[in-house]
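The following report describes a single protein model. It begins with one local backbone feature and then turns to the fold and helix packing.

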Amino acid sequence: MADSLTDKFGLNLLLHKLDNETHHCFECKKSTIHEQFRLPWKRKSVIEHQNIHVVEIREEVVCFKCRNCELTSLKRNLWNDHNDDFGDEQGRGNNMSRNADVCFSYPAGFSNEEELLIERIKEFLNADQLDYLYEVLANKSQGMKASAIIGFRSLFEHFFNITGTPSARDRFVSTCSKKRDGTTKTKNNFLYKLMWLQENGLLSRLQQDAIENMMRQGNVAVHRMESTDVNLNKAVEILYHLTVSYRMFDANQTK
Ligand SMILES: [Zn+2]
């Protein structure tokens, strides 16, 4: 049946209908029901890093249609063979039930975690800043990691800018830079802003280190015009925790 339709319509791919799924719609800007169709997955060899490495991947493309606004979107999921633990039950290494290693969405589609972040962070952003967040997440969802990292950095800086009084912030970063660098000229370093958030109990030390590390890698990538394999889901997760902590902090601050 599938073969005869393929011949008849000249298609080499047929869509397989899956159960409807509820997730974020870029047009509706909220969770909506989507019809879901999958193209058969494929195995590919991809050349990476200036033609040096050949990596084996599995690729799957899923097509979604929003029931509310009819926006059609595509999601491309990639699994790297070398990230497989034990393969599937038959040991064939084709297990695609784990989360994909790389996802691209066209137009942008947000994960449940990102949607949760949008909901929580809203009250601390104005309309322009919220649009900015959408842009950052859109960059992320289309694999533009370097741009997304710079975007995340500004979102973390935003929380620095709204925590405590300007003079308390300035005093803190000046003291930190004086102590570590012997000068206050470096007081605007991103690290000291993160330390301020940690000082106020808004970030744990581990989170501070993870974000600092990520930004350093992102910065190197931007300056060298290289791509980076930073895990941006971690940035989403930490920004979400920061938002939740800030909400409690803010409630105490205004008591
Ligand atoms: Zn929609």
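M225 lies in the loop between α7 (205-224) and α8. Its phi is near 55°, a positive value in a residue other than glycine.

K29 is found in the loop between β1 (16-25) and β2 (30-38), and is partly exposed, with 14 other C-beta atoms within 10 Å.

## Basis of the model

The model is predicted: local features need pLDDT of at least 70, side-chain atom pairs count only at pLDDT 80 or more, and totals for chains, interfaces and linings use all residues. Residues are numbered from 1 along each chain as its sequence is written.

## Overall architecture

The protein has eight helices and six strands, where helices (H or I, at least four residues) and strands (E, at least two) are DSSP runs numbered from the N terminus. The order from the N terminus is α-β-β-β-β-β-β-α-α-α-α-α-α-α.

Of the 255 residues, 22% count as buried. Among contacts between residues at least 6 apart in sequence, 54% join residues at least 24 apart; a contact requires C-beta atoms, placed from the backbone, within 7 Å.

## Packing of α4 and α8

Helix α4 (residues 145-161) and helix α8 (residues 232-253) pack at about 15°, with their axes 11 Å apart. Axes are lines fitted to C-alpha atoms over the stretch in contact, and angles run from 0 to 180 degrees between N-to-C directions. The angle makes α4 roughly parallel to α8, a term for angles under 35 degrees.

The contact is made by K145, A148, F152, L155, F156 and F159 of α4 and by L232, A235, L239, L242 and Y246 of α8. By class, this contact has ten nonpolar, no polar and one charged residues; Ala, Val, Leu, Ile, Met, Phe, Trp, Tyr, Cys and Pro count as nonpolar, Asp, Glu, Lys and Arg as charged, and the others, Gly among them, as polar.

E114, L117 and I121 are buried in helix α2 (residues 112-121). Viewed down the axis of α2, the buried residues fall within an arc of 55°, so they line one face of the helix; the arc is that of the directions from the helix axis to the C-beta atoms. These buried residues pack against α3 (127-141) and α8.

P107 is located in the loop between β6 (102-106) and α2. The peptide bond from Y106 to P107 is cis, with omega near -15°.

Note on methods. A residue is buried if 20 or more other C-beta atoms lie within 10 Å of its own, exposed if 12 or fewer, and partly exposed in between; C-beta atoms are placed from the backbone. Two residues are in contact if their C-beta atoms, placed from the backbone, lie within 7 Å. Angles under 35 degrees count as roughly parallel, over 145 as roughly antiparallel, 65 to 115 as roughly perpendicular and the rest as oblique.
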